[in-house]
Amino acid sequence: MLRFTKGRMLAFTLICILTLLVSACGSKQAESPASSSSASTAPAATAAPTPTPEAKKGPARIVVTYFPYADHLFALGKGDAVVGVVNYKSLKDFTVYDPFLKGGKVADLGDKVNLEEIMKLNPDLIIASNNDQKDIEQLSKIAKTVTVNATLNWQETIRGVADAVGEQAAADSYIAQFQTKQTEVSAVMDKSGMKGKSALFVMPWKKGFTYWSGSRMALYYDKLGFKPFDGMQNVGDITLEGIAKLNPEYIFIGKDYTNSSEVTMDALQKDPIWNSLDAVKNKKAFVVDTEILGPLAMGQMKGLTYMAEQFGAKK
């Protein structure tokens, strides 16, 4: 009886173990397809989108009380933000600004600061010059007002304007482009034989001419290599007889954008003194857009282009 019980118990135990093993195998086989199905139907994981940097914000409506600052804003690529300019007529005098003034996008704010007219434009920034101190307090009540010191060196002034609108990198880029072009045009001038040739830069004014020289014309004298005349100031008056005494090899005549001079090109062409000049006899007297004789960023860039085109083919 005891042996039988042990045998039965042993057989029962083996049967249970085998049953559990078979059951476990069947369970694994049943789970496997289900797991495969889940993997195939589950949506594929997607990578999180790379966050884009927030667009740089800057003033969208700018008023300037000194028109050269508009020149600098145009050069910096901020032309669309300029909504009003005091002394707007000075921009209209120069063709280099025509693309920025089309369609009346920029308001003419008259010759002097007019607080009411500026307020109508709802600016978010006003850029004033150091000559506007008496108006700064009132301007600041209209919008944020920044004063920029104006100098005859546009590369200094444009940095002040760039600081006001958060475009320091654009100023660096524009100046670098200008300096590269200046080097290229200087090489053109050297190759063409223009370096060392005396040149006079004038514009008809009243009964004579205004001339520009000295540091104002450093681009053309110091950088491009024209020879200046001793004793001349940055700006001054000169008569036709005075020009004859200098007798420059080259003359660049800015257009009378004021339309106020009694001197005209038609009259000059009939004048014996004018026709006696070496530059005139040798066809080296050129009428140019007056902005290339000025001290501003876009005018001087245009001046480099003009000199390269004028003398690039000459030997």
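A search of the whole structure finds eight salt bridges, a salt bridge being a side-chain nitrogen of Lys or Arg within 4 Å of a carboxyl oxygen of Asp or Glu. The model is predicted: local features need pLDDT of at least 70 and side-chain atom pairs pLDDT 80 or more, while totals for chains, interfaces and linings use all residues. Residues are numbered from 1 along each chain as its sequence is written, and side-chain values use heavy atoms, with hydrogens and water left out.

**Exercise 1.** Determine which parts of the chain are linked by the salt bridge between D111 and K89.

*Solution.* Step 1: the closest N and O atoms of D111 and K89 are 3.8 Å apart. Step 2: D111 belongs to the loop between β3 and α5 (115–120), and K89 to helix α3 (residues 88–92), 22 residues apart. Helices (H or I, at least four residues) and strands (E, at least two) are DSSP runs, numbered from the N terminus. Step 3: D111 is exposed, at 53% relative accessible area, whereas K89 is partly exposed, at 47%. Here buried means under 20% relative accessible area, exposed over 50%, and partly exposed in between (1.4 Å probe, protein chains only).

**Exercise 2.** Identify the network that includes K255.

*Solution.* Step 1: K255 forms a salt bridge with D289, with 2.9 Å between the closest N and O atoms. Step 2: K255 lies in the loop between β9 (250–254) and α11 (265–268) and D289 in the loop between β10 (285–288) and α14, so parts 34 residues apart in sequence are tied together. Step 3: through shared partners, salt bridges join K255, D289, E291 and K302 into one network.

**Exercise 3.** Describe the largest nonpolar core.

*Solution.* Step 1: a nonpolar core is a set of buried Ala, Val, Leu, Ile, Met, Phe, Trp, Tyr and Cys residues joined through side-chain atoms within 4.5 Å. Step 2: the largest has 59 residues, and I127, F201, F226, F252 and M307 have the most contacts inside it. Step 3: helix α14 (residues 297–311) gives the most to this core, with seven residues. Step 4: apart from it lies another core of 17 residues, including L240 and I253.
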